[in-house]
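Please examine the sequence and the model shown here before reading on.
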Amino acid sequence: MEQKQEVGKWVIRSLPMDAIAVRRGDNSMALAKVSLDPAVPDQEVSGHTALADSLPVSRTRALSLRQAYATVFTASACTLIIELLAGRLMAPYLGVSLYTWTSIIGIVLAGMTAGNFVGGWLADRSASRVLLSRIFLLAAATSGGLVAISGVVFNAVSMWSMPVMVRILIAATAVFFVPNFLLGTTTPQVVKLALRSLDNAGQTVGSIYGVSAFGSIVGTFASGFFLVDYVGTMRTLWLVSGVLLICGILIRGRLGRQVVVLLLMLFIGMPALSTSATFDGPCEDETGYFCIRTVTRTLEDGSVVTDVVQDRLIHTTLKLDDPSFLGYGYETAYLRLSESRLAGDAATEHVLVIGGGGYAFPRYMTATHPDIPVDVVEIDPGVVEFNHEHLKLPRDTPITTHAEDARLFLNFHAPRETYSIVQLDAFNDVSVPYHLTTLEFARSVKQSMTADGVLMTNLVDIPTSGQFVQAYANTLRQVFPHVTIYVPADAGEARTTYVVVGSAQPVTTEIEGWTRIEGEALGERFPTRTDIILTDDFAPTDRLLRPVVDD
């Protein structure tokens, strides 16, 4: 035998090649490298030319291309659905901002990246349907678990005393890293299980990753355009969990009947075991833009008011049977400023409110000045419908509502030189639509105003910083000859509401409980003056508001 092996080696060495295909005992193919130097031991070829290392999967354990396509499509679609839902899950507790989406996108990518590395390692060592099935089942469990744990985690993290960016990053990591890591491990394993020959490896791998990318696209559009609006965030998460569960069962091909029954019972029964608040989330109504809910409370005088909460902020306080009631201090400032104008010829007045919320100021105007037309621009049709369904706003109200973005309304649909009073009530302490703060937007507003009209904006800032209110006032000064700021007289060092007024004529109205500041003197109230002017190209509202959020 030894003599035959030596003769065989001599024959191979005499050929213009240094490798030969050999058949192993388990019928798999391998390339063996035969040394031309007797002192150097023979070795199996490694790298991309080694069929033994590249194709160790038997046909019974492999995936067909159709199965591979279905598997990566499902994993990628679910990954992007979870990513889109992440912003909705965080909004009621941590708001929606540049920092929120930066953290979400970064953590999802980190999970997928780590998963790709680990998935490749697993594929080279133990790729099998069984392992892939188990990973899908784990992904189903962790995705479904978000229904129960996300609110608890986000609420706890929101209470921590640390910078907002750190809080959001920790919350996103704690909740979203693991499901995306698990789903990230699947594609390398699928490639290993689907690859049959190195002759068409490029086409096979490319098509698998192409289908995976297509799944990401479908998941993105499905969640953004349909699932959130018609199914809701929590139920969509549960749907994702169910799809991953079914995929995991199908990949295995055969799973104990008892296990299948148990898994399906858990999936179907968990909503019943969960409290409705947990399964439905904190929202009474979930629209394309907001999580909306109401809180009823009793004032000291015994009257009952309803707080309208959008995401994490109380936007409006109403007495549902008294439209003349204004519950916020800044609304009182609006009232005094408006009434000073209405003391003249009210027949020429026309009011525009940007940001409907609970329609508090529009309700007041139609109740106290029924002859003055009031237009409301509200980006979210769901907010408008919520007012009709839950907040007793009559469907035949004289208020005219334009359900679109304020920039689009002013650019394309707003009448010119019409509005004498414009109220901008679309900002909160965390989420500020930056495109409504800019110089370009202020110019659009002015074009729709009468020559003597006023723009009134309420915004939140903190007296120890004041960066945002200063920047916004600087911006209005580029458009309006006069900018006046009202601040509560009892404002301390905590966050407070400022009312900024832009007008062609000086505003001299004194409001009880408020201090009036002319625009140029505003910087003297804050430790650091800023000369920032907000534009469409440069509007760092998240950075300017960071001290407010961290407060």
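The questions and answers below concern this predicted model.

Reader: How many helices and strands does the secondary structure of the protein come to?
Author: The chain has 551 residues, of which 49% count as buried. Its secondary structure comes to 19 helices and 15 strands.

Reader: What percentage of the contacts in the protein with a separation of 6 or more is accounted for by residues 24 or more positions apart?
Author: The count takes in contacts in the protein between residues with a separation of 6 or more. Among these, residues 24 or more positions apart account for 70%.

Reader: How far apart are the end C-alpha atoms of helix 3, and what span should its residues have?
Author: Helix 3 covers residues 65-94, which makes 30 residues.

Reader: At which residue does helix 3 bend?
Author: The bend in helix 3 is about 25°. Just after the helix, Gly95 takes a positive phi of about 75°. The bend itself is located at Leu85.

Reader: How many residues of helix 3 are buried?
Author: A residue is buried when its relative accessible area is under 20%. Helix 3 is largely enclosed by the rest of the structure, because the number of its 30 residues that are buried is 22.

Reader: Is Phe221 buried, partly exposed or exposed?
Author: Phe221 lies in helix 8, residues 201-230. It belongs to a nonpolar surface patch of about 790 Å², together with Phe214, Ile217, Val218, Phe225, Phe226 and Tyr230. Buried requires under 20% relative accessible area and exposed requires over 50%. The relative accessibility of Phe221 is 48%, so this residue counts as partly exposed.

Reader: Where does Lys392 lie, and what is its phi?
Author: Lys392 is in the loop between helix 14 (381-390) and strand 10 (400-402). Most residues other than glycine have a negative phi. Lys392 is not a glycine, yet its phi is positive, at about 60°.

Reader: Does Glu417 count as buried or exposed?
Author: Glu417 is placed in the loop between helix 15 (406-413) and strand 11 (419-424). Although not a glycine, Glu417 has a positive phi of about 50°. Its relative accessibility is 64%, and the cut-off for exposed is over 50%. Glu417 therefore counts as exposed.

Note on methods. Residues are numbered from 1 along each chain as its sequence is written. This is a predicted model: local features need pLDDT of at least 70, side-chain atom pairs count only at pLDDT 80 or more; totals for chains, interfaces and linings use all residues. Side-chain values use heavy atoms; hydrogens and water are left out. Helices (H or I, at least four residues) and strands (E, at least two) are DSSP runs, numbered from the N terminus. The expected span of a helix is 1.5 Å times one less than its number of residues. The bend at a residue is the angle between axes fitted to the seven residues ending there and the seven starting there. Buried means under 20% relative accessible area, exposed over 50%, partly exposed in between (1.4 Å probe, protein chains only). Patches are made of residues with over 30% relative accessible area and no salt bridge: like charges are joined within 9 Å, nonpolar side chains (Val, Leu, Ile, Met, Phe, Trp, Tyr) within 5 Å. Accessible areas come from the Shrake-Rupley method with a 1.4 Å probe; for residues, only the protein chains shown count as cover. A salt bridge is a side-chain nitrogen of Lys or Arg within 4 Å of a carboxyl oxygen of Asp or Glu. Contact means heavy atoms within 4.5 Å.
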